[in-house]
Amino acid sequence: MERYDTLYSLYEAFDTDTLRAYQDFVDLFPPVDSRVALEYWEEASDELYERTERVADAYSETYAALAAHATREQAFTALDLYSKHDRAVNVLVLDVDETLRSAGGTDNEIPRETLHLLTVFHENDVPIVVCTGQTLENVKGFLIQGLGNELVHSGDVSVVYEAGTGVFTPGHGPDTKRLLYEDLDDPVRDVFESVRSRVLPDAPEEVRRGCHLQGNEFNVTLKPNYETGSEGAVDVIDRATVYLTELLADAIPAASVADVRAYFAARDPEIAAVLEERDARPDEAHEVDPDAESVLERVQLAYYEGDAAEVTANELDKVAGVTAALDVLGVEDPFALVMGDSKSDLRVMEWAEEHDAGIAAAPDHASERVREHVERTDGLVYDRGAAGDVLRTVYALNRLTAEN
């Protein structure tokens, strides 16, 4: 209990709120080309140094760093994590949309605080794996814009894109880009080639006009032409999901439309509800043809309400991408912070739990199953757009672990 007592004493004895305010100002608002602004920044920097030194003299540099970066609640949560796991986080595995940034909380931009904290982890030799369903070019663009070209190409940043179909790790020679989908055999690749070639040309008018095909290398993803989550987006993605079951049936020689719909309805309640709403769900007694099932079990139909309808390969999920990224980065004994909000992120969280390879965090608007997992494990649920809160907690965890 000694560390708990020390933390309690620290946050009672010092004005840590003001200390953190100075730290945030110095970190997030660096000196600009203005004499007045520069003088103000230098005054804040001097005050930060003096306040931090007073805490360090009274306790230690570790506790001074905690007070300057973490709230009382974050520091105690970090100590709880340390008591439970007795390990520092040695790699960050981060989803982007609705995790690091949120259309409803951060104007769909990664907050400056979050970006700065990522640079802090990078400076402390913690690799970063960005794990997303987006295309590689999209991810590279905003990472370079937000983190800088030097950090992104440092050799310690990896991008798992299209939810696991490829891994991009600049600075690693022939391993810089791994196309994981090239390892799939012909029966699965043929399905994707068939679906991709027909998905827009053969689409019903409502789907063809209301959706666009995301520029993926492998996955087939239909996105709405309406605002994500709007009534129009929900309607067209529901229609697109039903349509994709028809394309899959045509692409799999032994499969009927009823086979495809029955298979995915039995495995995803959301897809079942969409099919039911559109009068497209087969009788629950329908038996899927065994030959069709042998291919269907290697293909995933994913439904994200008002956001996307997607065909992916079961063998190429975010877990496959993350493990490949860790291999390239040379992280042999991972203990990751896994942050995400969707079903694809849940697989990584479950993998981390199963292998004692990390902790999970999620925004409060994450899917129900993700929240249940996070609340059951370490309880790291944060407010929409506030990913920095968890990063501060993990920063504190790492400082406490390093002191031991």
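**Reading a buried loop residue and packed helices**

Reader: Leaving aside its neighbours within four places in sequence, which residues is Val199 in contact with?

Author: Val199 is in contact with Leu213, Val220, Leu222, Tyr243, Leu244 and Leu247, once neighbours within four places in sequence are set aside. Keep in mind that you are looking at a predicted model.

Reader: Where is Val199 found?

Author: Look at the loop between α9 (186-198) and α10 (205-210); Val199 is found there. The C-alpha atoms of Val199 and Leu213 are separated by 8.2 Å, although the two residues are 14 residues apart along the chain.

Reader: Does Val199 count as buried or exposed, and why?

Author: Buried means under 20% relative accessible area. Val199 has 1% relative accessibility, so it counts as buried.

Reader: Let's turn to helices. How are two packed helices described?

Author: Two packed helices are described by two things: the angle between their axes and the distance between those axes. Here, helix α5 (residues 72-85) packs with helix α18 (residues 387-403) at an angle of about 55°, and their axes are 8 Å apart. α5 and α18 are therefore oblique to each other. Their crossing is right-handed.

Reader: Which residues in α5 and α18 meet?

Author: From α5 come Gln74, Ala75, Thr77, Ala78, Leu79, Leu81 and Tyr82; in α18 they meet Asp389, Arg392, Thr393, Ala396, Leu397, Leu400 and Thr401. The residues of this contact divide into eight nonpolar, four polar and two charged.

Reader: Which residues point the same way in an α-helix?

Author: An α-helix has 3.6 residues a turn, so residues three or four places apart point the same way. Now try α5: its buried residues are Gln74, Ala75, Phe76, Ala78, Leu79, Leu81, Tyr82 and His85. Among the elements covering them are α1 (2-13), α4 (61-69), β11 (358-363) and α18.

Reader: What should the 14 residues of α5 span?

Author: At 1.5 Å a residue, α5 should span 20 Å, and this agrees with its end C-alpha atoms, which are 20 Å apart.

Methods
Residues numbered from 1 in each chain as written. Predicted model: local features only at pLDDT ≥ 70, side-chain atom pairs only at ≥ 80, totals over all residues. Heavy atoms only, no water. Axes fitted to C-alpha atoms, helices over the stretch in contact; angles between N-to-C directions. Helix = DSSP H or I, 4+ residues; strand = E, 2+ residues; numbered from the N terminus. Parallel < 35°, antiparallel > 145°, perpendicular 65-115°, else oblique. Left-handed = near helix turned anticlockwise from the far one by under 90°. Contact = heavy atoms within 4.5 Å. Nonpolar A, V, L, I, M, F, W, Y, C, P; charged D, E, K, R; others polar. Expected span 1.5 Å × (residues − 1). Buried < 20%, exposed > 50% of the residue type's maximum accessible area, 1.4 Å probe, protein only.
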